[in-house]
Amino acid sequence: LEAARDQRKQVDFASAGGRATLDSHVLSAVRGALIQVVSNSIAHGIEPSDERRHLGKPAAGRIEIQVSRRGSRVVFTASDDGRGIDA
């Protein structure tokens, strides 16, 4: 991921639920939002590798996007194993 490389962070990316089929216009509509969510996870959630090792975590952070259907709706869920935002 370019955002991880720019911030010198190691990130493993995973996706699940790829069996859900989407119309191309739906995917086009959510693409930018999904990219922003992943970028925010990298920038504000995933710690630098040395900090992660100090905390007993793997050097590479993990970000997962899961796609599921709920009735006629498609749901995208993003999660990461970082510290989260500093509220």
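Reply: Arg 52 is a place to begin: the relative accessible area of Arg 52 is 0%, so this residue is buried. The model is a predicted one. Arg 52 is joined by a salt bridge to Glu 47, with 2.8 Å between the closest N and O atoms. Glu 47 is buried too, because its relative accessibility is 1% and the cut-off for buried is under 20%. As background, side chains of opposite charge can pair when their charged atoms come close.

The pair does not stand alone. Salt bridges with shared partners connect Glu 47, Arg 52, Lys 57 and Asp 81 in one network. In total, the structure has five salt bridges.

Another salt bridge brings together the side chains of Glu 51 and Arg 83, at 3.1 Å from N to O. This pair links distant parts of the chain: Glu 51 belongs to helix H3 (residues 49–54), Arg 83 lies in the segment after S3, and 32 residues separate them. Glu 51 has 31% relative accessibility and therefore counts as partly exposed. Arg 83, with a relative accessible area of 47%, is also partly exposed.

A further salt bridge runs between Glu 64 and Arg 62, whose closest N and O atoms are 3.7 Å apart. Glu 64 counts as partly exposed at 23% relative accessibility. For Arg 62 the value is 41%, and Arg 62 likewise counts as partly exposed.

Next comes a charged residue without such a partner. Lys 9 sits in the loop between helix H1 (2–6) and S1. Lys 9 is buried but forms no salt bridge, and the nearest side chain of opposite charge, that of Glu 47, is 7.6 Å away. A polar atom of the Lys 9 side chain does lie 2.8 Å from the backbone oxygen of Ile 42. Apart from neighbours within four places in sequence, the contacts of Lys 9 are Ala 4, Ile 42, Ala 43, Ile 46, Glu 47 and Pro 48.

Three strands form an open sheet in the order S1-S2-S3, with mixed pairing. Strand S1 (11–16) and strand S3 (73–80) are the edge strands; each has a single partner strand, so one side of each has no neighbour in the sheet. On average, neighbouring strands are turned by 15° against each other, with direction ignored.

S1 pairs with strand S2 (residues 61–70) in the parallel sense, over six bridges. The pairing of S2 with S3 is antiparallel and has eight bridges. There, Arg 70 is opposite Arg 73 of S3. The hairpin of S2 and S3 has two residues between the strands, and Gly 71 in this hairpin has a positive phi near 65°. Helix H2 (residues 24–45) lies across S1, S2 and S3 and runs at about 150° to S2.

Key. Residues are numbered from 1 along each chain as its sequence is written. This is a predicted model: local features need pLDDT of at least 70, side-chain atom pairs count only at pLDDT 80 or more; totals for chains, interfaces and linings use all residues. Side-chain values use heavy atoms; hydrogens and water are left out. Two strands pair if DSSP finds at least two bridges between them. Helices (H or I, at least four residues) and strands (E, at least two) are DSSP runs, numbered from the N terminus. Axes are lines fitted to C-alpha atoms, for helices over the stretch in contact, and angles run from 0 to 180 degrees between N-to-C directions. Contact means heavy atoms within 4.5 Å. A salt bridge is a side-chain nitrogen of Lys or Arg within 4 Å of a carboxyl oxygen of Asp or Glu. Buried means under 20% relative accessible area, exposed over 50%, partly exposed in between (1.4 Å probe, protein chains only). Lys and Arg count as positive and Asp and Glu as negative; His and the chain ends are not counted. A polar contact is a pair of N or O atoms within 3.5 Å; within protein, one must be able to donate a hydrogen and the other to accept it, and residues adjacent in sequence count only if both atoms are side-chain atoms.
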